[in-house]
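Here are my notes on the helices of this model. Please read them with the structure open.

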Amino acid sequence: MKLNDSQVKDAIMTALMKDGMSDINVNVRKGIASIWGVVDVLDDRNKVETVVKRIPGVKKVENKLVISADGEIGDDKVAEMISKKLFEKPGLDRLTVEVHKGIALLMGNIDSIDQERKAIIIASKVLGVKEIISKLKIKDEHKKDDATLVNEIERAISLEESLDLLDIRTQVKDGRVILSGTVDKANQAILAEDAASAVKGVRRITNKLQAIESGGQDNRLTKRVRILLAQQPHINNENISVFVVAGTAYLSGEVYTSGSKKAAEVLAASVPGILRVINNIHIDHH
């Protein structure tokens, strides 16, 4: 049974209340859900949007939630809190942070891009953070020639029992990795990328693996997002990889501006059936 806007709104509010988010304002018009109000951290803003997208009848979400720390936390304090949390994590304890008007810049040297992802997640849960920009760089001591990286990546992938290395091709140029070939399911493509991202010396990953037996709906959504990205001339879509697993769109690769990164995320989120977007796209500042 198709729900009308009023019923969709009631379903959204019920779901938000169950998750302890009763202070969020909601309006629904022609299947487009507008949400506004105040949340504490960037991570909460993302979680609210995820809950709303899961409601049957929601075609699109307009997220107008504002991240606030009651006006009492200045940029210096926000930077201090992020630094404290990073210091508690091995490998992230030497990173530095600057915050300008709620925009957190992460700087320093890391062992792997997996550490970059972890640092971004940590920062997103700190009060006062509205956006995160990573300027993290792989340590010089971990720089390796491309042939060595290929061997180490293939070894890391081979250790994953559900992956068949014979079906996966690894190309590396100046530390930038392209994974291609086939896997049985879309989640295995993500698993292969995660394995490669933990290898020291890897700078970026473009995941071009194709899932043979991706779930019917996920496969259709993956193709739809890829087609839409290809139609956007202002986005460097050749370096963006997309996989949809259980309604979650995983974006990775690199673009040249924060605007392109956000545009790719908004485009993916606009596709009916996408419940959540995990945006691991890196901004290449060079």
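1. The expected span of a helix is 1.5 Å times one less than its number of residues. Helices are DSSP runs (H or I, at least four residues), numbered from the N terminus. Helix H4 (residues 113-124) has 12 residues and reaches 17 Å from its first C-alpha to its last, close to the expected 16 Å.

2. This is a predicted model, in which local features need pLDDT of at least 70, side-chain atom pairs count only at pLDDT 80 or more, and totals for chains, interfaces and linings use all residues. Residues are numbered from 1 along each chain as its sequence is written, and side-chain values use heavy atoms, with hydrogens and water left out.

3. The axes (lines fitted to C-alpha atoms over the stretch in contact) of H1 (residues 5-18) and H2 (residues 42-53) come within 9 Å and cross at roughly 135°. The contact (heavy atoms within 4.5 Å) is made by Ile-12, Ala-15 and Leu-16 of H1 and Val-48, Val-51 and Val-52 of H2.

4. H7 (residues 216-230) and H8 (residues 258-269) pack at about 135°, with their axes 10 Å apart. That makes H7 oblique to H8. Val-225, Leu-228 and Leu-229 of H7 meet Ala-264, Leu-267 and Ala-268 of H8 in the contact.

Definitions and conventions:
Helix = DSSP H or I, 4+ residues; strand = E, 2+ residues; numbered from the N terminus. Axes fitted to C-alpha atoms, helices over the stretch in contact; angles between N-to-C directions. Parallel < 35°, antiparallel > 145°, perpendicular 65-115°, else oblique.
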